Amino acid sequence: MEEINNIEVVPCTESDYLKPFRVHYNQNGTKKSWDFMRTHDSVSVLIFNTTSHCFVLVKQFRPAVYMCEWEKSKTKPAQSAEKTEEGAAEADAPEPQEGQSAAEGESSSQWPPASAGVTYELCAGLVDKPDLSLEEIARQEVLEECGYDVPASKLKRITSYRSGVGVTGSKQTMFYAEVSDDNCVSAGGGEPREGELIEVVKVPLHEAMTFAYNERIPKTMGVIFSFIWFHNNMSPKYKISTNV
C-alpha cells in the first residue's frame, strides 16, 4: 500500500467523479460568484463486531491527502540554518510543473513518505447505482471492503449530513451495522478493478475514544462522530466501556 512512486501531476480535464463549475448569483443585492464541484453523494457504515468487541475500519492511501501534505512540506521553514551543499541544492530545486513526474520536477527524496497519504476511515462508497437503495449500496460496500455479508435490512440508519460544503455540498448517509465472525465471508480489501487497495483494520472497543481523539492518527470526521454516537447510544445498551 505504501509503495508510491512515479508521481505525476496533470490537469484534470475530464472525470467520472467530479465536475467543476462556477455559479453567479445575487445575494441581498450583492453580485457574487462561487466555484464548486459536482460530485456523487455517498454512504458510510460504522461496523461493530460483536464477537471480538471491535470496530472495523478501512485504511487506504488517499492521493488528495498526500498532495496536501506535500504542499505543506514545501512551505515548512528549514530545520537548521546550516545546510549541507546537497541539502541546499535540493531546497533550491524548481517545483514540478503540471505534467511533470517527480523524477522530472524534483528529487524523489523531497516527496513525503507514502504514509502521509494514508487515512483511517469508515467503510464507504459512492451513491452511483440508481437502481439500488442506500441500504443496498452500503451492504455492497461492507461486503467488498470489509468482507462481511450483512443483509440490507440489518443496517441501522444513523443520520445524513452535508460534507465539503464550501466545495461540493454532497450528502453522506451514515449507517450502523453489527456483525459477527460468522458473517465474515472474505478478507475484503475493496474492488481491484476499481483501483481500490484497502486494508481492513480493527479497533478494540476499549480503545475507541482514545483512537478517535489521537490527532497523530489520520482519520476522517466520520470515524470520530460515529465512535461518539456509539458511545452515547449503544454502549449503555451493551453495558460496555469505550474508555471515556
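**Exposure and salt bridges**

Visitor: Why is Glu-69 called partly exposed?

Guide: Glu-69 has a relative accessible area of 29%. Buried means under 20% and exposed over 50%, with partly exposed in between (1.4 Å probe, protein chains only), so Glu-69 is partly exposed.

Visitor: What is the model's basis?

Guide: This is a predicted model, where local features need pLDDT of at least 70, side-chain atom pairs count only at pLDDT 80 or more, and totals for chains, interfaces and linings use all residues. Residues are numbered from 1 along each chain as its sequence is written, and side-chain values use heavy atoms, leaving out hydrogens and water.

Visitor: What makes the contact of Lys-72 and Glu-69 a salt bridge?

Guide: The definition asks for a side-chain nitrogen of Lys or Arg within 4 Å of a carboxyl oxygen of Asp or Glu. The side chains of Lys-72 and Glu-69 meet at 3.0 Å, N to O, so by that definition the pair is a salt bridge. Both lie in helix 1 (residues 63-75), three residues apart, which means a separation of about one helical turn. Helices (H or I, at least four residues) and strands (E, at least two) are DSSP runs, numbered from the N terminus.

Visitor: Which parts does the salt bridge of Arg-22 and Asp-35 tie together?

Guide: That salt bridge spans 2.5 Å, N to O. Arg-22 is in strand 1 (residues 18-27) and Asp-35 in strand 2 (residues 30-39), so parts 13 residues apart in sequence are tied together.

Visitor: Is Arg-22 buried or exposed?

Guide: Arg-22 has 56% relative accessibility, so it counts as exposed. Asp-35, at 45%, is partly exposed.
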